[in-house]
Amino acid sequence: MSTNKERIFVVGATGDIGSGVVRGLIKNRIDTTAYVRDEAKAKDLFKNELLTGHLSLVIGTYSSNEIYAKAVEGHTRLFLLVIVDPKRPTSMSDVKGTFGKLAYEKGVRQIVDLSSFTVRSAGKQGIIGYLHTTSEEKLWTLADEKSDTRSLVVLRPGAFMSNQFIYDVQPVKHLNKLISSESLSALTTWIDTKDISDCAVVVLTEPIEKHDRCVYEMGGESVSNEQRATIFSKVLGKAITYEQQSVETLYKMLISHGASHAFAYDIVSLTSENIVANPTPQLSILINRPLHTLEEWLQENVKAFQ
Ligand SMILES: NC(=O)c1ccc[n+]([C@@H]2O[C@H](COP(=O)([O-])OP(=O)(O)OC[C@H]3O[C@@H](n4cnc5c(N)ncnc54)[C@H](OP(=O)(O)O)[C@@H]3O)[C@@H](O)[C@H]2O)c1
């Protein structure tokens with residue numbers, strides 16, 4: 001394990017995965033800086049962690065490069081999670097390229113990048129693959145410019161189990177249905193975001209050399225829609241069925257939720273092209289326990305669907 005000389009900088013700290021990373025690092029008593037855009041939210045979220053004296057907050061956004069550059073200096077590692085501006089598909093790689101470059105130039109030795117399974121299975125085909133592939137390309141180029149001092153680790157998760165909070169709560173609650181445009185037998189590979197945070201914490205706290213240039217695909221389990229309906233029925237104690245809708249209906253629903261055309265079209269394409277991540281039970285080697293199953297995740301979050 002690393003000593004307390006390590007200082008870790010977290011971008012995306014107040015999000016689902018980033019907050020898990022911050023909490024995990026503080027549990028390991030590692031000096032951590034959370035880069036946040038909303039100070040009040042961060043102070044509320046990390047009340048207990050701030051009391052330890054190991055956590056500092058820096059207030060900034062993706063466009064405050066000067067604040068970021070000054071703040072990242074003196075850190076040994078960076079956890080980098082960036083959300084795309086839907087109006088600008090190049091925004092993710094722009095931010096990751098700039099933040100990655102500044103970090104390495106200021107002495108950061110390891111970057112742990114949150115990417116996506118689509119980099120391998122879809123590449124630039126589809127906007128989600130495009131965002132993450134172009135971002136990774138920039139980071140790999142930066143790391144390889146000085147390969148002896150710059151380490152890069154890439155996490156490529158499958159579909160977040162937490163996506164079901166966005167798409168499935170209402171149909172399950174009010175119609176006893178899961179609804180999407182995939183076939184009943186189509187597989188999705190799901191991952192609990194807690195597993196992603198835990199993996200990131202392990203990588204960030206173990207020796208840099210150990211994980212250098214590792215790419216970790218992340219999939220808890222592959223589940224068909226039929227199996228997913230069975231899991232929901234079992235955990236909720238009532239019959240939940242799966243209904244296949246047309247791609248046009250799913251597209252319109254995504255647009256009505258505020259998605260851009262490119263994102264909605266890509267999601268619809270992913271449901272019809274059968275592009276799935278691989279289950280990765282071998283990640284138990286890193287986190288010392290099995291990855292969570294969909295059933296375990298649902299049991300943990302059952303209240304949201306009741
Ligand atoms: N959903 C999936 O199935 C899936 C699969 C593979 C990969 N991914 C990738 O996973 C990432 C999403 O992870 P997540 O669920 O942990 O995200 P999240 O919970 O939405 O958190 C996003 C974080 O980014 C911060 N942020 C957003 N805009 C910002 C800005 N302009 N300046 C500074 N900070 C900003 C947010 O701050 P606030 O708290 O202030 O909003 C928050 O801390 C994305 O890169 C996505 O492409 C998703």
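Student: Is F305 buried or exposed?

Tutor: F305 is buried, because its relative accessible area is 0%, where buried means under 20% relative accessible area, exposed over 50% and partly exposed in between, using a 1.4 Å probe and protein chains only. Please keep in mind that this is a predicted model, in which local features need pLDDT of at least 70 and side-chain atom pairs count only at pLDDT 80 or more, while totals for chains, interfaces and linings use all residues. Residues are numbered from 1 along each chain as its sequence is written, and side-chain values use heavy atoms, with hydrogens and water left out.

Student: OK, and how many aromatic pairs are there?

Tutor: The count comes to nine aromatic pairs, where rings of Phe, Tyr and Trp (its six-membered ring) pair if their centres lie within 6.5 Å, and planes under 30 degrees apart count as stacked, over 60 as edge-to-face and the rest as tilted. One of the pairs is F9 with Y68, which is edge-to-face, with 5.5 Å from centre to centre and 85° between the planes. This pair links distant parts of the chain, since F9 is in strand β1 (residues 7-11) and Y68 is in helix α4 (residues 65-72), 59 residues apart. Helices (H or I, at least four residues) and strands (E, at least two) are DSSP runs, numbered from the N terminus.

Student: Are F9 and Y68 buried or exposed, and which cluster are they in?

Tutor: Both F9 and Y68 are buried, and ring pairs link F9, Y35, Y68 and F99 into a cluster.

Student: Which sheet order do the strands follow?

Tutor: Seven strands form an open sheet in the order β3-β2-β1-β4-β5-β6-β10, and the pairing is parallel; two strands pair if DSSP finds at least two bridges between them. β3 (55-59) and β10 (215-218) stand at the edges with a single partner strand each, so one side of each is left without a neighbour in the sheet. Neighbouring strands of this sheet are turned by 15° against each other on average, with direction ignored, where axes are lines fitted to C-alpha atoms, for helices over the stretch in contact, and angles run from 0 to 180 degrees between N-to-C directions.

Student: How many bridges join β5 to β6?

Tutor: Strand β5 (residues 110-114) is joined to strand β6 (residues 151-157) by five bridges, and the two run parallel. L114 is the residue that stands opposite L155 in β6. Helix α7 (residues 127-145) packs on the sheet and touches β4 (77-80), β5, β6 and β10, with its direction making about 165° with that of β6; contact here means heavy atoms within 4.5 Å.

Student: What does D113 touch?

Tutor: D113 has its place in strand β5 and is buried, with a relative accessible area of 1%. Leaving out residues up to four places away in sequence, D113 touches L80, K96, E136, L139, L152, V153, V154 and L155.

Student: New topic, how many salt bridges does the structure hold?

Tutor: There are 21 salt bridges in the structure, a salt bridge being a side-chain nitrogen of Lys or Arg within 4 Å of a carboxyl oxygen of Asp or Glu. In one of them R23 pairs with E49, and the closest N and O atoms are 3.3 Å apart. R23 lies in helix α1 and E49 in helix α3 (residues 47-51), so the pair ties together parts that are 26 residues apart in sequence. R23 is partly exposed at 30% relative accessible area, whereas E49 counts as buried at 11%.

Student: Where do K101 and E105 lie?

Tutor: Both lie in helix α5 (residues 91-105), four residues apart, which is about one turn of the helix, and the side chains of K101 and E105 meet in a salt bridge of 2.8 Å, N to O.

Student: Last one, what is the phi of R29 about?

Tutor: R29 has a positive phi of about 55°, although R29 is not a glycine. R29 is found in the loop between α1 (16-27) and β2 (31-36), and counts as exposed at 61% relative accessibility. For N176, phi is near 55°, again a positive value in a residue other than glycine, and N176 lies in the loop between α9 (169-175) and β8 (177-180).
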